[in-house]
Amino acid sequence: MNRPTIMNLRRAWLIWIFCLFCAFIAPAQESIPKLAERVDQHYNRLRSLRSDFVEIYEGAGLSRREAGELWLLKPGKMRWDYKEPRSKLFVTDNKTAYCYVPGDRQARRMPVKRFEDFRSPIRFLLGHTKLQKEFDQLTISPEKPLNPGDIVLQGVPLNMKERVNRVVLEVTLGGQIVRIWIEELDGSITDFRFSNIQEDVPVKSELFRFKVPVGVQVIDTNEGAP
């Protein structure tokens with residue numbers, strides 16, 4: 001094969017690789033509305049959800065890993081049962097949120113509308129979801145997915161701009177969120193990972209009502225969970 005032919009073949013390969021690269025990159029840049037719509041459609045059809053979760057926090061020289069069980073029920077009900085390394089409860093009934101550590105003499109109570117906590121981005125799954133209206137600058141994230149084949153999005157939650165630099169969402173091809181990774185302005189990270197997800201499972205509203213233990217005082221606050 002003569003040199004011009006080799007050069008032409010090499011050039012053809014380079015052009016093909018470039019076209020292939022563009023074919024993968026361009027759709028990712030143009031498909032944000034479609035990806036967001038896929039997530040919206042997935043959660044808008046759900047009534048309830050149950051999942052195991054791991055919550056990892058790193059910041060201010062601290063590192064913490066907790067795990068437990070999450071329940072969601074529309075409209076607006078959440079229950080986080082922390083089981084490791086210690087038991088604690090965070091629950092909302094769509095109007096009021098409660099935080100309690102078994103054995104403590106006090107439980108915290110706060111109105112959901114005034115509640116600012118890193119579990120609050122989960123709440124957008126509990127109403128009529130519109131991902132692009134919940135997050136500003138929603139785009140493809142440079143972060144790698146934990147699960148090969150998942151899509152990673154990032155944006156800034158509109159109601160937490162004063163505290164949060166970005167939120168990263170790992171989404172399956174079916175539109176299911178399996179990870180929510182939150183970066184605060186000070187650089188600290190809160191990472192929620194979800195597994196063993198069950199959708200539209202039977203669940204009673206009573207699960208989301210906080211029953212005050214005997215001898216426990218309920219105090220009103222705007223602070224997050226303990």
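**Helix and sheet**

User: Which strands does helix α2 lie across?

Analyst: Helix α2, spanning residues 32–44, lies across β1, β7, β8 (151–157), β9 (164–171), β10 (177–184) and β11 (189–199), and it runs at about 110° to β7. Helices (H or I, at least four residues) and strands (E, at least two) are DSSP runs numbered from the N terminus; axes are lines fitted to C-alpha atoms, for helices over the stretch in contact (heavy atoms within 4.5 Å), with angles from 0 to 180 degrees between N-to-C directions. The model is predicted, with local features requiring pLDDT of at least 70 and side-chain atom pairs 80 or more, whereas totals for chains, interfaces and linings use all residues. Residues are numbered from 1 along each chain as its sequence is written, and side-chain values use heavy atoms, without hydrogens or water.

User: In what order do the strands of the sheet follow one another?

Analyst: Strands of a sheet pair through backbone hydrogen bonds, either parallel or antiparallel. Here the 12 strands of an open sheet follow the order β7-β8-β9-β10-β11-β1-β2-β3-β4-β5-β6-β12, and the pairing (at least two DSSP bridges between two strands) is mixed. Strands β1 (residues 48–59) and β2 (residues 62–73) are antiparallel partners over 12 bridges; Val54 has Ala67 in β2 as its bridge partner. Three helices accompany the 12 strands in the protein chain.

User: Which residues touch the most other members of the largest nonpolar core?

Analyst: In soluble globular proteins, nonpolar side chains tend to be buried together. Trp80, Leu131, Leu153 and Ile180 touch the most other members among the 33 residues of the largest nonpolar core, a set of buried Ala, Val, Leu, Ile, Met, Phe, Trp, Tyr and Cys joined through side-chain atoms within 4.5 Å. Helix α2 gives the most to this core, namely five residues. A second, separate core has 11 residues, including Trp71, Leu89, Val91 and Phe208. Buried residues (under 20% relative accessible area; exposed is over 50%, partly exposed in between, with a 1.4 Å probe and protein chains only) make up 45% of the 226 residues in the chain.

User: How many aromatic pairs are there, and is the pair of Phe53 and Tyr82 stacked or edge-to-face?

Analyst: The whole structure holds six aromatic pairs, with ring centres of Phe, Tyr or Trp (its six-membered ring) within 6.5 Å; planes under 30 degrees apart are stacked, over 60 edge-to-face, the rest tilted. Phe53 and Tyr82 have ring centres 5.1 Å apart and planes at 80°, so this pair is edge-to-face. Phe53 belongs to strand β1 and Tyr82 to strand β3 (residues 77–84), 29 residues apart. Phe53 is buried, at 2% relative accessible area, and Tyr82 is buried at 2%. The rings of Tyr98 and Phe210 are 5.0 Å apart between centres with planes at 25°, so they are stacked. Phe53, Trp80, Tyr82, Phe192 and Phe194 form one aromatic cluster.
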